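Hi there,

Here is the structure I promised to pass on. Could you have a look at it alongside my notes below?

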Amino acid sequence: MTQYRGGHAARHDDAVLLHVEHAGAGQAVVLIHAGVADSRMWNPQWAAWHTRFALTRLDLRGFGRSGAPAGSFSHAGDLAVLLDEAEIDHAHVVGASFGGLVALDLATARPERVTRLVLADPPLPGYAWSAEMHRFFGAEEAALEAGDLETATKVNVEFWVGSASEAVQGAIFEQQLNAFRLQADDDGDDSLLTDDLPGALATLDVPTLVLTGEDDHADFQAIADQLAATLPDARRAVVPGAGHLPSLEQPAAFDALVLPFLEEVS
């Protein structure tokens, strides 16, 4: 039977509440969602992995059922506090897109807390974005500056999961629109724990699987190639038939690559 607990973990410095859920038993695995989603994007893995691992998923500040961003903070710092509060000494950490950046930041700043790292289509600070990406950023910014959250959401859904199923597009639309609403009066100041994240990659000796969806944008393929070439203990894989969110778009193919990596004996 699944061991399940839903609830909230509070940051002690500014009382922002984070929605956190736990399920299953075994080696700890933490799932960090993408910036266009919330913890519900992990529903396929949540249903399938609880017999193998002690799972934790959370909504980052400004997403899902967590509080809006406030004060100075780092998402990786919030995650470190969550691990402390849940008495998780170390865990496998799986991050998607922006959640991959959070996972990478945590692993670089607190490597003793991360046993294995899975990065699915992550961004990387300092990367020179293509003209395609800048057009997307411009369209999103224009809609947000006009206060048109629904158009901004449509821009994101089309760009990130436009080739995915209607069910995936509908789920991401709901999750992204909710995030935009939570962040509408954003007065938070978020930063990375790691001062020079790209410069620290070569010292991160944590086994890492770097994934991309086969059909994701070229920028993310290039970033994944760079990470796989720079991290000391990394391997590269591609999820067939998937775009930017392979764990949600092609969960069986994603699981087939990730589960053996997480269960591998070092």
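Glu87 sits in the loop that runs between helix H2 (75–85) and strand E6 (91–96); helices (H or I, at least four residues) and strands (E, at least two) are DSSP runs, numbered from the N terminus. The phi of Glu87 is near 55°, a positive value in a residue other than glycine. For background, most residues other than glycine have a negative phi. Glu87 counts as exposed, at 70% relative accessibility. (Buried means under 20% relative accessible area, exposed over 50%, and partly exposed in between, with a 1.4 Å probe and protein chains only.)

Asp121 also has a phi near 55°, again positive in a residue other than glycine. Asp121 is in the loop between strand E7 (114–120) and helix H4 (131–145). Is Asp121 buried or exposed? At 0% relative accessibility, Asp121 counts as buried.

Before the rest, some words on how to read all this. This is a predicted model, where local features need pLDDT of at least 70 and side-chain atom pairs count only at pLDDT 80 or more, while totals for chains, interfaces and linings use all residues. Residues are numbered from 1 along each chain as its sequence is written, and side-chain values use heavy atoms, with hydrogens and water left out.

The average pLDDT of the protein is 93, and 93% of the residues score at least 70; pLDDT is the predictor's confidence in each residue, from 0 to 100. Over residues 1–13, though, the pLDDT is below 50, and this stretch has 39 contacts in the model beyond near neighbours in sequence (contact means heavy atoms within 4.5 Å). Where pLDDT is low, the predicted coordinates should not be read in detail.

Now to the charged pairs. The structure holds 11 salt bridges, a salt bridge being a side-chain nitrogen of Lys or Arg within 4 Å of a carboxyl oxygen of Asp or Glu. Here are some of them:

- Arg65 pairs with Glu21, and their closest N and O atoms are 3.8 Å apart. This pair links distant parts of the chain, 44 residues apart: Arg65 is in the loop between strand E4 (53–58) and strand E5 (70–73), and Glu21 is in strand E2 (residues 17–24). Arg65 is partly exposed at 44% relative accessibility, whereas Glu21 is buried at 4%.
- Asp84 pairs with Arg113, with the closest N and O atoms 3.0 Å apart. Asp84 lies in helix H2 and Arg113 in the loop between helix H3 (98–109) and E7, so the pair ties together parts that are 29 residues apart in sequence. Asp84 is partly exposed, with a relative accessible area of 48%, and Arg113 is buried, with 13%.
- Glu264 and Arg116 meet through their side chains at 3.6 Å, N to O. They link distant parts of the chain, 148 residues apart, with Glu264 in the segment after helix H10 (251–263) and Arg116 in strand E7. Glu264 is partly exposed at 33% relative accessible area, while Arg116 is buried at 3% relative accessibility.

Salt bridges that share partners also join Glu21, Arg57, Asp59 and Arg65 into one network.

At 9% relative accessibility, His75 counts as buried. Which residues does His75 touch, not counting those up to four places away in sequence? They are Leu60, Arg61, Phe98, Val102, Asp190 and Ser191.

Best wishes
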